[in-house]
Amino acid sequence: MTDPTHPAVDRVAAALAAQGVEPRIQWFDDAVTTAQLAADALGIEVGQIANSLVFTIDDEPILVLTSGAHRVDTEWLGEALGGTIRRASKETVKEATGQVIGGVAPLGHPAPVRTVVDVHLAEYPEIWAAAGHAKTVFPTTFEELVRITGGTPHAVEPPRA
């Protein structure tokens, strides 16, 4: 049986291929809308999940790819990036990424979105990100994720004392 198709997943696969990456998209029977659900389904640590979170910084969309083991400290990150970060509405997420919350991929968007990549993801040799639908993921590495998104590596929370 072949994997199902979905327009957002097809755009992610095309974007991966355009970046020279073989699109190894994995479909699940059920939605994996949280980092923990995705990690459990893959049999990996939650920290290996690259959550795609859309915020706004001074009213412009920003994509923060964070380890499933972290929470984004929006006040701290906003100050570090020189703006004010707020959670984006579901409409803003859809407009910026062409995807819906729960399946937002790090690429395959209608236009480039400013992207920050959690440096904590570099601790893992393999990480997994959503592929445009809540039932899909694909494997990558920290270095590859930074390259294919044009993202900026940055901590998403202050250093622990």
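This is a predicted model: local features need pLDDT of at least 70, side-chain atom pairs count only at pLDDT 80 or more; totals for chains, interfaces and linings use all residues.
How many bridges pair strand S6 (residues 127–130) with S7 in the antiparallel sense? The two strands pair over four bridges.

Strand S7 spans residues 136–140 and is mostly covered, with five of its five residues buried. Its side chains point two ways: Thr136, Phe138 and Thr140 point to one side, whereas Val137 and Pro139 point to the other, and all of these residues are buried.

S7 pairs with strand S6, and within this antiparallel pairing alanine 129 stands opposite phenylalanine 138 of S7. The two strands form a hairpin, with five residues between them. In the turn of this hairpin, glycine 132 has a positive phi of about 100°.

S7 also pairs with strand S1 (residues 26–27), again in the antiparallel sense, over two bridges. Here tryptophan 27 has threonine 136 of S7 as its bridge partner.

## Helix H2

Helix H2 covers residues 35–42. Its buried residues are Ala35, Ala38, Ala39 and Leu42. These residues lie on the same side of H2, because they cover an arc of only 100° around the axis.

The buried residues of H2 pack against S1, S2, S6 and S7. Among these elements are the two strands of the hairpin, S6 and S7. After the helix comes glycine 43, whose phi is positive, near 70°.

## The largest pocket

The largest pocket holds about 670 Å³ of space. Helix H2, strand S2 (49–57), S6 and S7 are the elements that give two or more residues to its lining. The largest share comes from S2, which provides seven residues.

In total, 35 residues line this pocket, and those nearest its centre are Thr33, Ala35, Asn51, Ser52 and Leu53. One of them, Ala35, is also among the buried residues of H2.

About 190 Å³ of space lies in the second largest pocket. Its lining consists of Ala15, Gln19, Pro106, Leu107, Gly108, His109, Ala111, Pro112, Val113, Thr115, Ile148 and Thr149. Of these residues, seven are nonpolar and five are polar, and no charged residue is present.

## The loop between S2 and S3

Which residue in the loop between S2 and strand S3 (60–67) is considered here? Aspartate 58 has its place in that loop, and its phi is near 50°, a positive value in a residue other than glycine. Aspartate 58 is partly exposed, with a relative accessible area of 46%.

Aspartate 59 lies in the loop between S2 and S3 as well. Aspartate 59 has a positive phi of about 70°, although it is not a glycine. Is this residue, aspartate 59, buried or exposed? Aspartate 59 counts as exposed because its relative accessibility is 69%, and the cut-off for an exposed residue is over 50%.

Notes:
Residues are numbered from 1 along each chain as its sequence is written. Side-chain values use heavy atoms; hydrogens and water are left out. Buried means under 20% relative accessible area, exposed over 50%, partly exposed in between (1.4 Å probe, protein chains only). Two strands pair if DSSP finds at least two bridges between them. On a 1 Å grid over the protein atoms alone, a cavity is a set of points where a 1.4 Å probe fits but cannot get out, and a pocket is an open set with protein on both sides within 12 Å along at least five of seven lines; lining residues have an atom within 4 Å of a point. Grid points are joined across faces, edges and corners, and a volume is the space filled by probe spheres set on the points. Ala, Val, Leu, Ile, Met, Phe, Trp, Tyr, Cys and Pro count as nonpolar, Asp, Glu, Lys and Arg as charged, and the others, Gly among them, as polar. The arc is that of the directions from the helix axis to the C-beta atoms. Contact means heavy atoms within 4.5 Å.
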